[in-house]
Amino acid sequence: MFKENYIINGEIECKTGLHIGGSSDSIDIGGSDNVVIRDSISGLPFIPGSSLKGKLRSLLELYDKQSADSVIKNKGKVATDPDCLSSKLFGISASESGEKYPTRTIVRDSYPTEETLELWESSEEIFKGTELKYENTLNRITSEANPRNIERVPKGSKFNFEIILTVYEHDDESYLDNLLETMKLVEDNYLGGSGSRGFGQINFTNITIAKRSKDYYTTDNKEDIMVESSKTLNEAIDKLNGN
């Protein structure tokens, strides 16, 4: 039975260029054949909730032993043990387990902040929210160069994010801490593609955590602000734990 929701809001700050791949029906002259995903209405880059949620889950599956064992047992696919932490936080689809287990974690799509829109508009090097990163691959035998470019969101861009964690009666009280710790794993890894070549380093900043109990949805009760405008995840975790 439903007990409460935790609403985690803040900003995703790109510490390096970010590439989350999309598709293009045509390639413009001077453009890139390795494009980022864009919002169909505004035409600007965004961070899909599925990309962030998938990264959170995959890192937790490596970090948590029971989740990792379940992935191995499932031949490298997602963890399907309903008792492991990644399954409890992120759910299991019926196609993966034969029986569907609901997710406790909702990750919204993240869109650029107003400050970032102004940054993109003010730079001649940025077109529709992206820059082109030029690279070369070399044939180790012939030394022949194969130049290419990759479209990416520039360093310093910020996106508003929202993550909702649903808690049910008899749930472990540590789930919120587990989720925040998993977000820290993403900060020390990368989001999107080409992470081993320097892309995709991010930080979660300006974090606010609110609790919405049953009364919030049935009466005029306000949400309980547990953490407000914390600059870092560590600061948010310390405030949450009363430090």
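Predicted model: local features only at pLDDT ≥ 70, side-chain atom pairs only at ≥ 80, totals over all residues.
1. Arg152 has a relative accessible area of 15%, and because buried means under 20%, it counts as buried. Its partner is Glu131: the two side chains meet in a salt bridge, with 2.8 Å from N to O. Glu131 sits in strand β4 (residues 131-138) and Arg152 in strand β5 (residues 145-152), so this pair ties together parts that are 21 residues apart in sequence. Glu131 has 21% relative accessibility and therefore counts as partly exposed.

2. A second pair worth a look is Arg104 with Asp171, whose side chains also form a salt bridge at 2.8 Å, N to O. This pair links distant parts of the chain, 67 residues apart: Arg104 is in the loop between α4 (94-97) and β2 (105-107), while Asp171 is in the loop between β6 and α6. Arg104 counts as buried because its relative accessibility is 15%. Asp171, at 16%, counts as buried too.

3. Then there is a pair within a helix. Glu61 and Arg57 form a salt bridge, their closest N and O atoms being 3.2 Å apart. The two residues are 4 residues apart in helix α1, so about one helical turn separates them. Both Glu61 and Arg57 are buried. In total, the model has 10 salt bridges.

4. Now for a charged residue without such a partner. Side chains of opposite charge can pair when their charged atoms come close. Asp64 is buried yet has no salt bridge, and the nearest side chain of opposite charge, Lys88, is 9.0 Å away. Asp64 lies in the loop between α1 (49-63) and α2 (65-73). Leaving aside residues up to four places away in sequence, Asp64 touches Cys84 and Leu85.

5. Cys84 leads on to the cysteines. Is Cys84 buried or exposed? It has 0% relative accessibility, so it counts as buried. Cys14, at 1%, likewise counts as buried. If you were wondering about disulfides, the structure holds 0 of them.

6. Phe199 lies in the loop between α6 and β7 (202-213), and because its relative accessibility is 2%, it counts as buried.

7. On to the open spaces, beginning with the second largest pocket, which has about 180 Å³ of space. It is lined by 14 residues, and those closest to its centre are Glu4, Tyr6, Asp172, Glu173 and Leu176. Three elements, β1 (2-14), β6 (158-168) and α6 (175-187), each supply at least two residues of this lining.

8. How many cavities of 30 Å³ or more does the structure hold? The count is 1. The largest cavity has about 50 Å³ of space. Its lining is made up of Leu18, His19, Ile20, Val36, Ile37, Pro45, Phe46, Ile47, Val153 and Phe159.

Notes. Residues numbered from 1 in each chain as written. Heavy atoms only, no water. Buried < 20%, exposed > 50% of the residue type's maximum accessible area, 1.4 Å probe, protein only. Lys, Arg positive; Asp, Glu negative; His and termini not counted. Salt bridge = Lys/Arg side-chain N within 4 Å of Asp/Glu carboxyl O. Contact = heavy atoms within 4.5 Å. Disulfide = S-S within 2.5 Å. 1 Å grid on protein atoms, 1.4 Å probe; cavity = no way out; pocket = protein on both sides within 12 Å on 5 of 7 lines; lining within 4 Å. Points joined across faces, edges and corners; volume = space filled by probe spheres on them.
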